[in-house]
Amino acid sequence: MSTAPHSPPREGLFRRVSSMVMAGCLGVMALSVFINVVLRYGFGSGVAASEELSRLLFVWMVFIGATAAYPVGEHMTFTSLVGLLHHRPRAMLAATLLIRLLVATSSALIAWGAWQQVVVGMDSYSVVLRYPTALLPLPAFLCASAICVMAVVELIKRTPLHLGFAAEQE
């Protein structure tokens, strides 16, 4: 029996599903590029859709990963200043609330800008595959919206910051 704390079931399911989707994106990208390289160098032709498909899947993969990384504190953090407040609970709480508020605000602004790009892209289509170009900024909108919601929930619940290993090394 494991003594490690268990993550909430939805978080575990979300991480597993997002990992599978990212692996699927990476697999399709690798296969598409490999086939295109073989066709270009081996037979003098290629698949024009390979580059567009790889670009679209890469964008989605990055934003799915960013969304999955947020709830477990895997985004890049600077804990030098906040780590110094670790022994001052009120100051630590104030810094945590400020950080969560800044994350929610910046995520909301990113979501707003990405949504504007989605709307602009609804009437235009990619050159080769003919998918709506709104599919490129859509993952940024979804990711920023999800992170904003998670930050607001953490703000309301007063969830402590993930200080990670940096707090132990300093």
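Analyst: Let's start with how the chain meets itself: among contacts between residues at least 6 apart in sequence, 72% join residues at least 24 apart. A contact here means heavy atoms within 4.5 Å. Please keep in mind that this is a predicted model, in which local features need pLDDT of at least 70 and side-chain atom pairs count only at pLDDT 80 or more, while totals for chains, interfaces and linings use all residues. Residues are numbered from 1 along each chain as its sequence is written, and side-chain values use heavy atoms, with hydrogens and water left out.

The parts to follow are six helices, with zero strands. Both are DSSP runs numbered from the N terminus: helices are H or I over at least four residues, strands are E over at least two. Along the sequence the pattern reads α-α-α-α-α-α. Of the 170 residues, 29% are buried. Buried means under 20% relative accessible area, exposed means over 50%, and partly exposed lies in between, with a 1.4 Å probe and protein chains only.

The largest nonpolar core has seven residues: A66, Y70, A104, C143, I147, C148 and A151. Helix α5 gives the most to this core, with four residues. Apart from this core lies another of six residues, including M92, A95, L161 and L163. A nonpolar core is a set of buried Ala, Val, Leu, Ile, Met, Phe, Trp, Tyr and Cys residues joined through side-chain atoms within 4.5 Å.

Leaving out residues up to four places away in sequence, C143 touches F63, A66 and T67. T67 sits in helix α2 and counts as buried, at 10% relative accessibility. Beyond its neighbours within four places, T67 is in contact with F14, C143, A146 and M150.

M22 belongs to helix α1 (residues 9-43) and, with residues up to four places away set aside, touches M61, I64 and G65. Although M22 and G65 are 43 residues apart along the chain, their C-alpha atoms are separated by 7.3 Å.

Next comes helix α4. Its 33 residues reach 47 Å from first C-alpha to last, close to the 48 Å expected at 1.5 Å a residue; the expected span is 1.5 Å times one less than the number of residues. The buried residues of α4 include M92, A95, R100, A104 and V118, and the buried residues of this helix pack against α3 (80-84) and α5.

One name in that list carries a charge story. Side chains of opposite charge can pair when their charged atoms come close. R100 forms a salt bridge with E154, with the closest N and O atoms 3.1 Å apart. Because R100 lies in helix α4 (residues 89-121) and E154 in helix α5 (residues 138-157), this pair ties together parts that are 54 residues apart in sequence. Both R100 and E154 are buried. The rule for a salt bridge is a side-chain nitrogen of Lys or Arg within 4 Å of a carboxyl oxygen of Asp or Glu, and by it the count is two.

E51 and R55 meet at 3.1 Å, N to O, and both lie in helix α2 (residues 49-69), four residues apart, about one turn of the helix. E51 is exposed at 55% relative accessible area, and R55 is partly exposed at 39%.

Finally, step outside. L31, F34, I35, V38, F43 and V47 form a nonpolar surface patch with about 580 Å² of accessible area together; L31 is found in helix α1. Patches use residues with over 30% relative accessible area and no salt bridge, joining like charges within 9 Å and nonpolar side chains (Val, Leu, Ile, Met, Phe, Trp, Tyr) within 5 Å. Accessible areas come from the Shrake-Rupley method with a 1.4 Å probe, and for residues only the protein chains shown count as cover. Overall, the protein exposes about 11,500 Å², 71% of it supplied by carbon and sulfur atoms.
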